[in-house]
Amino acid sequence: MSDATRRVTRNRAAGFLAACALAAVLAACGEQQATSGPDADRPVEVHVATAAAVSQSGVIRVAGVVRPATRAQLSTRQAGTVEAVLVVAGERVAMGQELLRIDARDLVAMRSAAASQRDAAREAWTQAVRNRDRFARLYQQDLVAKVRFEEAELQAEQAAGRLERAEAELAAVEMNLEYTRLRAPFAGVVSEIITEEGAFASPGRPLLMLEDRTRLEVEAGVQQDGIAALETGTRLSIRVHGIAEPIAGRVQALLPALGQNGAGMRLRMEIEAPPAGLMPGMTAEVLLPSPRGATAGVSIPAEALLRRGQLSGVFVVAEDAQGAQRARLRWVTLDVAASDDATARVRRGLRPGEQVVVGSIVSDLADDQVVVPRD
């Protein structure tokens, strides 16, 4: 056998041995991974509770948003450069307080010129009135002709007209000058500043947002079946996340939902006594009377719940085909308004009489885990 043949044979043998070693390692890893996973058939002792049937009032819950009853976009009629922003977002201001100022140097010059013209027109009118009165006395004494008196009277009337126009022009300039100072039309909170110093402000362009947060309301979208028993003045309960007690609200208006798809109605409610901490922008839940009346619900201990983000689930204990008891994960819908730290009210997904796992072990269970129930 030649040396080349011997080398080829040795290389093939080495490759075969390496492949066998790699296969053995992979098999060992696979066996270790398989044995280290959860054993769903290993019985686990758990404590269980029975879901109890409860009667809950017939209500329809609709989502809404807390809004200020009075909210204004403030702008100016006078075009110009923003000279100064005198407030900051979140600042509480009084009615009539100056919020923003537009550069008004050109209007100041125009006011000065208009005032000078007004003063000149007033002086001319005063002199014309004196002449008219003087010619009136002379005419009564037959010292001047009637035509001279009439000319003096006409000159006085013309002077009066010029004075009136000069005063109107001055008033217009002063009004435009007042528009360069943006003032609060009501007491409230500056919720947003849309401009900055040095920016150009055009007529009608929003510059500031002002809200009256002493009067709040909730607006919610409702379907036809939720408005059958509603009318203006109806009092309803409102739940707001972060506010412990329910809030009383009064139906202010039912408006057609003309935006987007245009379906349903918009319910606008006035909050009669806003509690501390209630702010515009918070989400709310309005409780409407259901036309179907009271419905049945299910109550379970709060410690039976498994939380996964926005989802809530329970492990329901049920017997499989072989007679083993298994904990099967089931996602449920809660009645948040009727739940507390001790009990949870389930609206959908659980039937009265079913057994659920309770305790800290809930977070460690696997779906379809074999369990040994204990009361």
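Helices and strands are taken here as DSSP runs, at least four residues of H or I for a helix and at least two of E for a strand, numbered from the N terminus. With those element numbers in hand, note that this is a predicted model, and that the chain holds three helices and 21 strands.

Begin with the whole chain. Of its 375 residues, 33% are buried, and the accessible surface comes to about 22,500 Å², with 51% of that area belonging to carbon and sulfur atoms. Among the contacts between residues at least 6 apart in sequence, 72% join residues at least 24 apart.

Next, select Leu-236, Ile-238, Leu-267, Val-286 and Leu-288, which have the most contacts inside the largest nonpolar core, a set of 21 residues. At least two residues of this core come from each of strand 3 (59-74), strand 10 (208-222), strand 11 (235-240), strand 12 (247-256), strand 13 (265-271) and strand 14 (283-289). Which strand supplies the largest share of this core? It is strand 10, with four residues. Apart from this core lies another, of 17 residues, and Ala-72, Val-93, Leu-100 and Phe-186 are among them.

Center the view on Leu-267 and display its surroundings. Leaving aside residues up to four places away in sequence, Leu-267 touches a list of residues that includes Val-218, Glu-219, Leu-236, Val-251, Val-286 and Leu-288.

From there, select Arg-268 and Glu-219, which form a salt bridge whose closest N and O atoms are 3.2 Å apart. Because Arg-268 lies in strand 13 and Glu-219 in strand 10, the pair ties together parts that are 49 residues apart in sequence. Is Glu-219 buried or exposed? Glu-219 is buried, with a relative accessible area of 13%, while Arg-268, at 24%, counts as partly exposed. In total, the count of salt bridges comes to 24.

Another of these pairs is found by selecting Arg-328 and Asp-368, which form a salt bridge with the closest N and O atoms 3.3 Å apart. This pair links distant parts of the chain, with Arg-328 in strand 18 (residues 325-334) and Asp-368 in the loop between strand 20 and strand 21, 40 residues apart. Both residues are partly exposed, Arg-328 with a relative accessible area of 32% and Asp-368 with one of 30%.

Stay on Asp-368 and turn to its backbone. Most residues other than glycine have a negative phi. The phi of Asp-368, however, is near 70°, a positive value, and the loop in which this residue sits runs between strand 20 (355-358) and strand 21 (369-374).

Now move to Asp-142, which also has a positive phi, of about 55°, although it is not a glycine. Asp-142 belongs to the loop between helix 2 (105-140) and helix 3 (146-178), and at 68% relative accessibility this residue counts as exposed.

For the last stop, select Thr-195, in the loop between strand 8 (188-193) and strand 9 (200-201). Thr-195 counts as buried because its relative accessible area is 11%, under the 20% cut-off. Not counting residues up to four places away in sequence, Thr-195 touches Val-82, Leu-100 and Leu-207.

Notes:
Residues numbered from 1 in each chain as written. Predicted model: local features only at pLDDT ≥ 70, side-chain atom pairs only at ≥ 80, totals over all residues. Heavy atoms only, no water. Buried < 20%, exposed > 50% of the residue type's maximum accessible area, 1.4 Å probe, protein only. Contact = heavy atoms within 4.5 Å. Core = buried A, V, L, I, M, F, W, Y, C linked by side-chain atoms within 4.5 Å. Areas by Shrake-Rupley, 256 points an atom, 1.4 Å probe, with all protein chains shown as cover. Salt bridge = Lys/Arg side-chain N within 4 Å of Asp/Glu carboxyl O.
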